[in-house]
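Thanks for coming, everyone. I'll take a few minutes to walk through one protein and how its parts pack. Please have a look at the structure first.

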Amino acid sequence: MFSAGEIESFSSQSRIANSNGLQNSALNVLPSSSTSSSGSSSRYENQKRRDWNTFGQYLKNHKPPLTLSKCSGAHVLEFLKYLDQFGKTKVHNPLCPFYGHPNPPAPCACPLRQAWGSLDALIGRLRAAFEENGGKPETNPFGARAVRLYLRDVRDLQSKARGISYEKKKRKHHHHHHPLLPPPPQRNIPAIPPPGASC
Ligand SMILES: [Zn+2]
């Protein structure tokens with residue numbers, strides 16, 4: 001039978017947990033959600049400085065040693081994946097009965113990750129900090145194509161897994177179509193017994 005426990009093998013936490021060189025405390029800097037950037041700007045500045053320090057700390061602990069000038073988009077991705085182990089956002093895998101449910105009625109064994117919105121905002125701050133600290137825009141690893149693509153994937157994946165739309169506010173932009181991927185089928189989801197049901 002299909003039980004929630006079997007889903008646990010999908011968790012990839014062990015994959016990321018081994019290269020842990022940072023103290024957890026340094027990473028409580030990620031805001032759980034911040035959609036509007038019109039808050040106080042000094043708060044943003046503080047957050048940016050903390051994020052920058054966190055990243056500097058990460059570089060310092062990196063094995064093999066890594067300096068900012070050698071840092072590429074691939075390293076930024078590594079950093080983002082590393083942060084996932086401190087995430088607090090439930091991301092259901094496609095086999096979970098709650099896949100696509102914004103408000104699951106019961107707990108499940110799916111992993112916790114950093115929310116896309118947090119990562120996206122973090123990259124924006126680090127990207128700005130890099131240039132404020134003398135980095136050239138052309139070599140900004142936080143602006144690398146790979147990082148943009150990764151964030152887009154995370155957004156799509158989390159929006160499907162959590163049944164949440166991350167679409168921006170109505171902004172006129174070109175219609176973009178998705179010719180390759182038809183919408184996932186909604187019918188063949190295995191039925192789960194109602195909570196009180198017994199045989
Ligand atoms: Zn789940």
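Let's start inside. The buried residues of α3 pack against α2, residues 41-61, and against α5. Which residues of α3 are buried? They are V76, F79 and L83. These three cover an arc of only 55° around the axis, so they sit on the same side of α3.

One caution before I go on. This is a predicted model.

Now the overall plan. The protein has 5 helices and 2 strands. Read from the N terminus, the order is α-α-α-β-β-α-α. There are 199 residues in the protein, and buried ones make up 19% of them. What about contacts along the chain? Take those between residues at least 6 apart in sequence: 74% of them join residues at least 24 apart.

Next, the helix pairs. Two packed helices are described by the angle between their axes and the distance between the axes.

Pair one is α3 with α5. Helix α3 spans residues 73-83, and helix α5 spans residues 145-162. Their axes come within 8 Å and cross at roughly 30°. Under 35 degrees counts as roughly parallel, and α3 and α5 are therefore roughly parallel to each other. Who makes the contact? From α3, it is G73, A74, V76, L77 and L80. From α5, it is R145, A146, V147 and Y150. By class, that contact has 7 nonpolar residues, 1 polar and 1 charged. Note V76: it is one of the buried residues of α3, and it is also part of the contact with α5.

Pair two keeps α5 and brings in α4, residues 116-132. The axes come within 9 Å here, and the crossing is roughly 160°. Angles over 145 degrees count as roughly antiparallel, so α4 and α5 are roughly antiparallel to each other. Is the crossing left-handed or right-handed? The crossing of α4 and α5 is left-handed. On the α4 side, the contact uses W116, L119, D120 and I123. On the α5 side, it uses V147, L151, V154, R155 and Q158. The classes are 6 nonpolar, 1 polar and 2 charged.

Helix α2 brings Q47, K48, D51, W52 and F55. Helix α4 brings L122, R125, L126, A128 and A129. This contact has 6 nonpolar, 1 polar and 3 charged residues.

Stay with α2 for a moment. R49 is in this helix. Because R49 has 14 C-beta neighbours inside 10 Å, it counts as partly exposed. How far is R49 from A129? They are 80 residues apart in sequence, and 7.5 Å apart in space, C-alpha to C-alpha.

Last stop, the strands. P97 lies in the loop between β1, residues 89-90, and β2, residues 112-113. From P97 to C108 is 11 residues in sequence and 8.7 Å in space, C-alpha to C-alpha.

That's the tour. Over to you.

Conventions: Residues numbered from 1 in each chain as written. Predicted model: local features only at pLDDT ≥ 70, side-chain atom pairs only at ≥ 80, totals over all residues. Axes fitted to C-alpha atoms, helices over the stretch in contact; angles between N-to-C directions. Helix = DSSP H or I, 4+ residues; strand = E, 2+ residues; numbered from the N terminus. Parallel < 35°, antiparallel > 145°, perpendicular 65-115°, else oblique. Contact = placed C-beta atoms within 7 Å. Nonpolar A, V, L, I, M, F, W, Y, C, P; charged D, E, K, R; others polar. Buried ≥ 20, exposed ≤ 12 C-beta atoms within 10 Å, placed from the backbone. Arc of directions from axis to C-beta. Left-handed = near helix turned anticlockwise from the far one by under 90°.
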